[in-house]
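The sequence and structure come first.

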Amino acid sequence: MDLKLIDIHTHVNFNAFRDDGDEVMRRTLAGGVGMILVGSQYDTSARAIEYAERYPEAAWAAIGLHPIHVGGEIHVDAEEISTSGVPGFSSRPEEFDYKKYKTLAMHPKTVAIGECGLDYFRSGGTQVEREKQFEVLRGHIKLAREVQKPLIIHCRNAYDDLHKILIEEHAGEVGGTIHFFAGTWSDAQKFLDLGFGLSFTGVITFARDYDETVKNMPLDRIMVETDAPYVAPVPYRGRRNEPLYVEEIAKKVAELRGISFDEVAKATVSNASRIFHLK
Ligand SMILES: [Zn+2]
């Protein structure tokens with residue numbers, strides 16, 4: 001299938017799409033947009049695989065345990081969520097069961113391990129919480145290396161610790177992406193040096209903090225994603241985000257880099273296909 005764009009990080013497998021997920025999948029594929037459906041817990045990871053099986057021509061799955069679900073229960077009602085017309089939610093604490101996740105990881109439709117990582121923005125306030133996040137992240141990297149699939153990394157306010165762990169665990173061996181990249185250009189270069197790609201969300205359509213990285217980074221490492229249902233890009237702010245809107249993010253990348261939309265579309269599809277071995 002010839003894809004116009006690939007949304008490399010989306011959550012049609014989440015409850016925000018419970019009533020119309022299949023409709024959203026169909027209109028996304030009809031628009032020529034492929035996607036990686038990303039799990040954040042065991043159940044949403046399993047559901048990502050179910051969707052990917054149902055739409056095998058242009059949907060793939062990533063499986064993992066998000067760092068906000070590894071500690072005690074926290075209520076998440078951040079700005080990027082409430083402005084998407086999606087209500088806040090409470091995290092559901094879960095133990096990382098390596099064996100159970102390995103079964104999901106080995107599924108042929110699973111192309112990446114994640115989202116996993118570190119989050120000091122919503123959790124990780126204490127050293128105990130941080131240690132727990134480190135341990136679960138290390139488990140995911142081990143799994144990724146065992147099944148030889150790349151990583152989809154979530155990171156909020158923890159780029160230095162993340163970088164250290166990626167090196168210690170030899171994550172560069174499998175690579176992947178630092179999703180929703182929100183660090184500085186100097187942070188970005190450290191992850192690029194490890195061989196990782198970086199992916200950008202709708203945030204780049206309304207915040208100017210990432211312009212330098214979007215402009216400077218090599219074109220063969222950049223990818224686009226919606227993180228739907230969260231952070232809808234301009235002009236859809238305040239609504240539930242969906243994978244088709246990834247086009248707005250690619251348009252912004254083109255504008256910032258001073259190249260054509262087609263060039264961005266071609267590069268990001270080829271990067272995603274190569275990094276995640278999509279077929
Ligand atoms: Zn996500």
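What percentage of the 279 residues in the chain do buried residues make up? Buried residues make up 52% of them, where buried means that 20 or more other C-beta atoms lie within 10 Å of the residue's own, exposed means 12 or fewer, and partly exposed lies in between, with C-beta atoms placed from the backbone. The model is predicted: local features need pLDDT of at least 70, side-chain atom pairs count only at pLDDT 80 or more, and totals for chains, interfaces and linings use all residues. Residues are numbered from 1 along each chain as its sequence is written.

**Overall fold**

- The chain has 10 helices and 10 strands; helices (H or I, at least four residues) and strands (E, at least two) are DSSP runs, numbered from the N terminus.
- The C-alpha trace spans about 45 × 40 × 35 Å along its principal axes.
- Of the contacts with a separation of 6 or more, 74% are between residues 24 or more positions apart; two residues are in contact if their C-beta atoms, placed from the backbone, lie within 7 Å.

**Asp7 in strand β1**

- Asp7 is located in strand β1, residues 5-10.
- Asp7 counts as buried because 33 other C-beta atoms lie within 10 Å.
- Leaving aside residues up to four places away in sequence, Asp7 touches Val33, Met35, Val224, Glu225, Thr226, Pro243 and Val246.
- Asp7 and Ser199 are 192 residues apart along the chain, and their C-alpha atoms are separated by 9.6 Å.

**Helix α1 and its two faces**

- In helix α1 (residues 21-30), the buried residues are Val24, Met25 and Thr28. They lie on the same side of α1, because they cover an arc of only 100° around the axis, the arc being that of the directions from the helix axis to the C-beta atoms.
- An α-helix has 3.6 residues a turn, so residues three or four places apart point the same way.
- The cover over the buried residues of α1 includes β2 (33-38), α2 (42-54) and β3 (59-63).
- On the face turned away from the buried side, α1 carries the exposed residues Glu23, Arg26 and Ala30.
- Ala30 counts as exposed because it has 9 C-beta neighbours inside 10 Å. Ala30 and Leu244 are 214 residues apart in sequence, with 9.6 Å between their C-alpha atoms.
- Just after α1, Gly32 takes a positive phi of about 80°.

**Helix pair α9 and α10**

- The axes of α9 (residues 246-257) and α10 (residues 261-275) come within 8 Å and cross at roughly 115°. Axes are lines fitted to C-alpha atoms, for helices over the stretch in contact, and angles run from 0 to 180 degrees between N-to-C directions.
- In this contact, α9 contributes Ala250, Lys251, Val253 and Ala254, and α10 contributes Phe261, Val264, Ala265 and Thr268.
- By class, the contact has 6 nonpolar, 1 polar and 1 charged residues; Ala, Val, Leu, Ile, Met, Phe, Trp, Tyr, Cys and Pro count as nonpolar, Asp, Glu, Lys and Arg as charged, and the others, Gly among them, as polar.

**Cis peptide bonds**

- The peptide bond from Gly114 to Glu115 is cis, with omega near 20°, and Glu115 belongs to strand β6 (residues 110-119).
- The peptide bond from Val234 to Pro235 is also cis, with omega near 5°. Pro235 sits in the loop between β10 (222-224) and α9.

**Positive phi outside glycine**

- Gln148 has phi near 55°, a positive value in a residue other than glycine. Gln148 is in the loop between α5 (127-147) and β7 (151-156) and counts as exposed, with 10 C-beta neighbours inside 10 Å.
- Asp227, not a glycine either, has a positive phi of about 55°. Asp227 is in the loop between β10 and α9 and counts as buried, with 27 C-beta neighbours inside 10 Å.

**Asp97**

- Asp97 lies in the loop between β5 (89-90) and α4 (98-105) and counts as exposed, with 12 C-beta neighbours inside 10 Å.
- Asp97 and Val24 are 73 residues apart along the chain, and their C-alpha atoms are separated by 31 Å.
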